[in-house]
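Have a look at the sequence and the model first, then read on.

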Amino acid sequence: MPSLAALLDILGYDTVDAGPLARSRLFAPGTPAYGAPYTELPAESLGSLAAGPAPAGFLALKAGPASAAEIRALLRKV
């Protein structure tokens with residue numbers, strides 16, 4: 001039986017294994033991997049956005065993709 005990761009791959013998405021559920025804090029608000037990488041901002045803008053709470057206009061930003069490599073790098077920063 002195919003795994004969920006295989007299904008996501010077929011659909012064109014990458015999966016990133018961040019570890020067990022206990023490590024879900026890596027994706028919590030205020031962490032580098034939360035929210036900011038999924039906006040269409042220049043890479044140099046992500047640092048300030050990922051450092052803390054989202055600014056007031058965050059929800060109005062256009063969404064964009066984040067590569068698995070980019071997310072892995074951000075998870076290592078925590």
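Accessible areas here come from the Shrake-Rupley method with a 1.4 Å probe. By that method, the accessible surface of the protein chain comes to about 5,600 Å², and carbon and sulfur atoms account for 63% of it. Keep in mind that this is a predicted model.

The protein chain has a mean pLDDT of 75, with 73% of its residues at 70 or more. Where pLDDT is low, the predicted coordinates should not be read in detail.

**Overall layout**

The secondary structure is 3 helices and 0 strands, so to speak an α-α-α pattern when you read along the sequence. Of the 78 residues in the protein chain, 24% are buried. Take the contacts between residues at least 6 apart in sequence: 52% of them join residues at least 24 apart.

**Helix H3**

Which residues of H3 are buried? They are Ala68, Ile71, Leu74 and Leu75. Looking down the axis of H3, you'd find these buried residues within an arc of 125 degrees, so they line one face of the helix. The general rule behind this kind of spacing is that an α-helix has 3.6 residues a turn, so residues three or four places apart point the same way. On the face of H3 turned away from the buried side, you'll find Ala69 and Arg76, which are exposed.

**Two residues in the H1-H2 loop**

Leu11 lies in the loop between helix H1 (4-10) and H2, and Thr39 has its place in the loop between H1 and H2 as well. Are they buried or exposed? The table has the values.

| Residue | Relative accessibility | Class |
|---|---|---|
| Leu11 | 54% | exposed |
| Thr39 | 10% | buried |

The reasoning is just the cut-offs: buried means under 20% relative accessible area, and exposed means over 50%. Thr39 counts as buried because its relative accessibility is 10%, and Leu11 counts as exposed because its value is 54%.

Each of the two has something else to look at. Leu11 belongs to a nonpolar patch on the surface, together with Leu4, Leu7 and Tyr13; the patch has about 460 Å² of accessible area in total. For Thr39, check Leu61: the two are 22 residues apart along the chain, and their C-alpha atoms are separated by 6.4 Å.

Terms used: Residues are numbered from 1 along each chain as its sequence is written. This is a predicted model: local features need pLDDT of at least 70, side-chain atom pairs count only at pLDDT 80 or more; totals for chains, interfaces and linings use all residues. Side-chain values use heavy atoms; hydrogens and water are left out. pLDDT is the predictor's confidence in each residue, from 0 to 100. Buried means under 20% relative accessible area, exposed over 50%, partly exposed in between (1.4 Å probe, protein chains only). Helices (H or I, at least four residues) and strands (E, at least two) are DSSP runs, numbered from the N terminus. The arc is that of the directions from the helix axis to the C-beta atoms. Patches are made of residues with over 30% relative accessible area and no salt bridge: like charges are joined within 9 Å, nonpolar side chains (Val, Leu, Ile, Met, Phe, Trp, Tyr) within 5 Å. A salt bridge is a side-chain nitrogen of Lys or Arg within 4 Å of a carboxyl oxygen of Asp or Glu. Contact means heavy atoms within 4.5 Å.
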